[in-house]
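Here is a friendly walk through one protein chain. Please keep the model open as you read.

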Amino acid sequence: MKAANPSAKAAKPRAKASRQGDTSALADADQLADSSVNINAALRQQVADIDNLFSAQLSQFSSLWHTPLGCGDIKVNTNTITVVNDSDCDGETNTRSRLKFSSLSTRFPHAPEHAVSMWIADMDTAPSKHIAHAISAFVSSHYGYQSGDIGDVVAGRYAKQGAVIAANSVVSTASVMAAIDTALKVCTTKGDKVMVLSPTYGPLRERIAAQGLNLVDVSIDEISFKETGIEINITALLDADCSAFVLCHPNNPTGTVLSETHQHDIARFCDTHKITLILDEVHSEFGFIDADATVDASSNTNTNKACAIRPFAINIPFAQDMIIRINSAGKAYNLSAIPAASYAIIANDALRAKFAKEIDSCHLEATPVAKVALIAAYEKADDWLALVIKAVAFNRQYAKALMNVLSPTTPFTLGEAGYFLWLNLNQNFPQNTFVEVCKRGVIGVDGASFNAPGYLRLNLACHPSTIKTALLRLFSD
């Protein structure tokens with residue numbers, strides 16, 4: 001991995017970014033305990049140089065993020081880099097009630113009290129006020145059963161991305177996992193084989209196993225060779241005896257986006273062998289085509305070429321009849337607490353009717369409030385999302401630069417999409433990897449849950465100081 005390419009002109013060291021808003025939520029936060037990490041003078045200077053080069057972006061973007069419990073600014077002392085509490089930083093109401101920060105001692109007993117929390121996939125920023133206002137207006141006057149449709153809004157959203165879908169092909173669902181579970185029910189029978197692209201999101205694997213289906217792992221490392229330019233016969237890796245292929249695209253946790261050629265080959269294979277493609281596309285809004293480009297929050301130009309990842313195989317007409325495409329506004333607009341409406345897009349009339357009947361019989365359709373949140377997000381919150389994507393793009397840049405200084409031999413990937421850093425720590429912590437990482441005060445997601453023991457997923461949709469703290473704790477002696 002090459003280092004990030006910050007602006008060639010070194011910026012002046014930044015003054016502390018101005019902060020506004022209620023800080024009472026963090027006022028009673030525990031003071032950081034022994035957070036010092038040993039670091040030699042040369043490495044300390046390299047880290048300082050990175051902050052100097054990125055000073056403008058750090059100033060521009062830091063105020064977007066809440067500074068979470070267990071993390072503050074990092075100051076350089078004589079022999080150590082120390083994490084210190086910043087009582088003047090932004091907070092959020094009821095920080096401790098967030099799942100990311102609640103009951104950590106029970107969930108992660110090996111982690112110290114002030115561990116940084118980068119495990120669950122939500123973002124440390126407030127949602128768009130347009131969404132909050134829409135929800136508030138609705139719940140202040142609407143009660144009881146409500147009817148509502150999101151088909152036209154979803155179709156309009158896809159049209160902005162150059163993808164044509166029919167409004168009547170959209171079925172609302174209570175959650176992405178409810179949609180995945182239902183899709184498996186309507187296209188498989190107990191004992192069938194189901195492919196997944198491995199590593200992949202743990203709950204996808206769990207739902208396949210829970211339905212008595214047999215997992216067939218297809219290695220993403222064997223499929224994706226973009227960096228070397230090697231092309232392979234992807235169909236040789238696939239299993240023609242499967243009933244379904246559950247494909248998280250962009251991939252969670254690696255951020256991999258399959259090439260159009262690979263998408264076509266997979267679609268053709270599934271069509272030939274009557275395999276239903278169940279696509280989880282919830283991270284598609286976070287696409288980063290050129291991860292090394294400079295990011296500037298003050299510019300309206302999308303200088304890092306960030307854009308939504310096009311829906312999988314959307315331009316392959318023959319493929320649409322065997323695809324169940326699942327998405328949500330929840331991840332992109334940080335609405336996990338609502339949650340915003342999820343939905344399935346199913347072009348095949350018979351398959352859609354079967355899916356919709358199952359959703360209806362189990363009362364798994366999206367709630368009216370969820371639909372209000374989705375409509376407000378898709379129609380009114382694009383400016384908010386654009387800023388968040390720029391901030392995430394910078395965090396990816398920043399993490400890459402720090403990795404190349406702190407641990408240049410540690411394999412890692414950011415992929416072309418998403419806000420995850422996927423670390424291979426097998427060489428760093430060969431025994432009890434996740435336990436050792438937790439003991440260092442860093443809580444991510446254990447790679448074992450993705451079928452990748454020894455790996456760690458870190459959520460980068462957070463304050464830059466959190467990223468810096470975590471990487472220093474992991475890779476300092």
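## A question to start

Which residue forms a salt bridge with K100? The partner is D124, and the closest N and O atoms of the pair are 3.1 Å apart. A salt bridge here is a side-chain nitrogen of Lys or Arg within 4 Å of a carboxyl oxygen of Asp or Glu. D124 sits in the loop between β4 and α5 and K100 in the loop between β3 and α4, so this pair ties together parts that are 24 residues apart in sequence.

Before going further, a word on the source: this is a predicted model, in which local features need pLDDT of at least 70 and side-chain atom pairs count only at pLDDT 80 or more, while totals for chains, interfaces and linings use all residues. Residues are numbered from 1 along each chain as its sequence is written, and side-chain values use heavy atoms, with hydrogens and water left out.

## The chain as a whole

The protein chain holds 15 helices and 16 strands; these are DSSP runs numbered from the N terminus, with helices being H or I of at least four residues and strands E of at least two. Of its 477 residues, 56% count as buried, a word that means under 20% relative accessible area, with exposed meaning over 50% and partly exposed in between (1.4 Å probe, protein chains only).

Among contacts (heavy atoms within 4.5 Å) between residues at least 6 apart in sequence, 77% join residues at least 24 apart.

## Salt bridges

The structure has 14 salt bridges. One of them joins R98 to D124, with the closest N and O atoms 2.9 Å apart. R98 lies in the loop between β3 (80–83) and α4 (104–107), and D124 in the loop between β4 (116–117) and α5 (129–139), 26 residues apart. Relative accessibility is 13% for R98, which therefore counts as buried, and D124 is buried at 1%. K100 is buried as well. A network of salt bridges links R98, K100, D122 and D124.

Elsewhere, the side chains of D217 and R205 meet in a salt bridge of 2.6 Å, N to O. D217 belongs to strand β7 (residues 214–219) and R205 to helix α8 (residues 202–210), the two being 12 residues apart.

Four strands make an open antiparallel sheet, in the order β12-β13-β16-β15. Strands pair if DSSP finds at least two bridges between them. At the edges are β12 (412–413) and β15 (445–446), each pairing on one side only. Two antiparallel bridges connect β12 with β13 (residues 420–424), and T413 has W422 of β13 as its bridge partner.

Helix α13 (residues 382–406) has 25 residues and spans 36 Å from first C-alpha to last, close to the 36 Å expected (1.5 Å times one less than its number of residues). Of those 25 residues, 21 are buried, leaving α13 mostly covered.

## Around A183

A183 is part of helix α7 (residues 176–187) and is buried, with a relative accessible area of 0%. Not counting residues up to four places away in sequence, A183 touches I278, I324 and F355. A183 and A356 are 173 residues apart in sequence, yet their C-alpha atoms are 9.8 Å apart in space.
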